[in-house]
Amino acid sequence: MFYLISVSEMHKELYDVIIIGGGIAGSSAALYTARQGLRTAIITMDVGGQLRYANVIENYPGIELIGGLDLVLKVQKQAIAFGAEIFIDEVILLNKSEGIFIVKTRRGSILESLSVIAACGKAPKKLRVRGEENFIGKGLSYCVVCDGPLYKGRRIALNSFGENGIEALNLLAPIAKELIYIVPTKTDVSIQEAVKYGNVSVYSGYRVVELYGDEKLEKIVVMNGNGDREVVDVDALFIELGFETQIDFLKPYVDINERNEVVVDKYGTTKTEGLFAAGDLVDMPYKQAVVSAASGVIAALSAINYVNRRRGIVKNFVSDWKKSGVSQQRRLFRL
Ligand SMILES: Cc1cc2nc3c(=O)[nH]c(=O)nc-3n(C[C@H](O)[C@H](O)[C@H](O)COP(=O)(O)OP(=O)(O)OC[C@H]3O[C@@H](n4cnc5c(N)ncnc54)[C@H](O)[C@@H]3O)c2cc1C
């Protein structure tokens, strides 16, 4: 898949704000912080977040109809134009020492920042089995809509269930040479749909327990409740098991409610000074693109005020009508 954005090389310098998550909340936050001249980095595992899975958005104010990914890309392009930098990576550790946040990523980069905005909503559920991390993008995908067409005419495995499973089956079965459908229960509603296709074999009551291959995914091991295992040759495996919040790295610095959401006040502030949170991640009652975008902006304005205070600027932003001079200079310099 190609994205119409530039992905930056990591820098060692101190950022004003690091935004964790490249969904609509993180991208909207970056637009605001970068426009006000804050040195802004977005670290994100993917481009677009959950909206990558939404083919059509009809309820974003001002836009009649748009693909979910296109919507986030538009916002990211705006943010990049104001100087935001984007890194595709996963944050695995967050520390705060002497007023500076230290962010460590899975690829081994360490970035420092005066403030952090956590906008890491939800990510696709992983299997957490042997071999999984090695094959992401090499035959293993968590997005049928995004990557399905890449495996046209191939032997594809799909691990899913329920309505998501039906949707994924209807996208993959017509293009696959052979589709292996692995569904966790024997009575799942999606099985009726699967058997309508002549090229689908169903493993009901099975789960994927291991993945193998050299350069790319070649085999998966599936296992049922009795412990019976089978090795299946595949060109690709799609996992569509829903979304989950993966925020263990944040837990020492935030309060979490019973729904595993980060508790924030009306300014997007967490219990740690300089750490803000936004979007689906936080304890807001409604999970919608426009709500996430707005909460990203709230967290951004709070981060701008926080960073400015640390620089000795006492004037508080309550609105953002004028671009900062710093931002303008940075843009001109970049051009
Ligand atoms: C299929 C589907 C259809 C939808 N349709 C609509 C709709 O029509 N209208 C609407 O308003 N809303 C819709 N939504 C809801 C909407 O997509 C979400 O409310 C919104 O996208 C949440 O945005 P977010 O930025 O808060 O979080 P997310 O979109 O979840 O983004 C989180 C980002 O953080 C990244 N991340 C997570 N952990 C880490 C980490 N440790 N390190 C680095 N990056 C990390 C993820 O990779 C992701 O990029 C839909 C959702 C889905 C799944």
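Before you click: the model is predicted, so local features need pLDDT of at least 70 and side-chain atom pairs count only at pLDDT 80 or more, while totals for chains, interfaces and linings use all residues. Residues are numbered from 1 along each chain as its sequence is written, and side-chain values use heavy atoms, with hydrogens and water left out.

**Stop 1: the whole chain.** Show the protein chain as a cartoon and you get seven helices and 17 strands. These are DSSP runs numbered from the N terminus (helices are H or I, at least four residues; strands are E, at least two). Along its principal axes, the C-alpha trace spans about 65 × 40 × 40 Å.

**Stop 2: H1 against H2.** Select residues 24–35 (H1) and 68–81 (H2): their axes come within 8 Å and cross at roughly 20°. Axes are lines fitted to C-alpha atoms, for helices over the stretch in contact, and angles run from 0 to 180 degrees between N-to-C directions. H1 and H2 are therefore roughly parallel (angles under 35 degrees count as such). Now show side chains: Ile24, Ser27, Ser28, Ala30, Leu31 and Ala34 of H1 meet H2 residues including Leu71, Val72 and Val75, where contact means heavy atoms within 4.5 Å.

**Stop 3: H1 against H6.** On the H1 side, look for Ile24, Ala25, Ser28, Ala29, Tyr32 and Thr33; among their H6 partners are Gly296, Val297 and Ile304.

**Stop 4: a three-stranded sheet.** Which order do the strands take here? Select S12, S13 and S14: they form an open antiparallel sheet in the order S12-S13-S14. The edges are S12 (206–213) and S14 (229–233), each pairing on one side only. From one strand to the next, the twist averages 25°. Zoom in on S12 and S13 (residues 217–224), which pair over seven bridges; two strands pair if DSSP finds at least two bridges between them. To end, pick Arg207: its bridge partner in S13 is Met223.

Methods:
Parallel < 35°, antiparallel > 145°, perpendicular 65-115°, else oblique.
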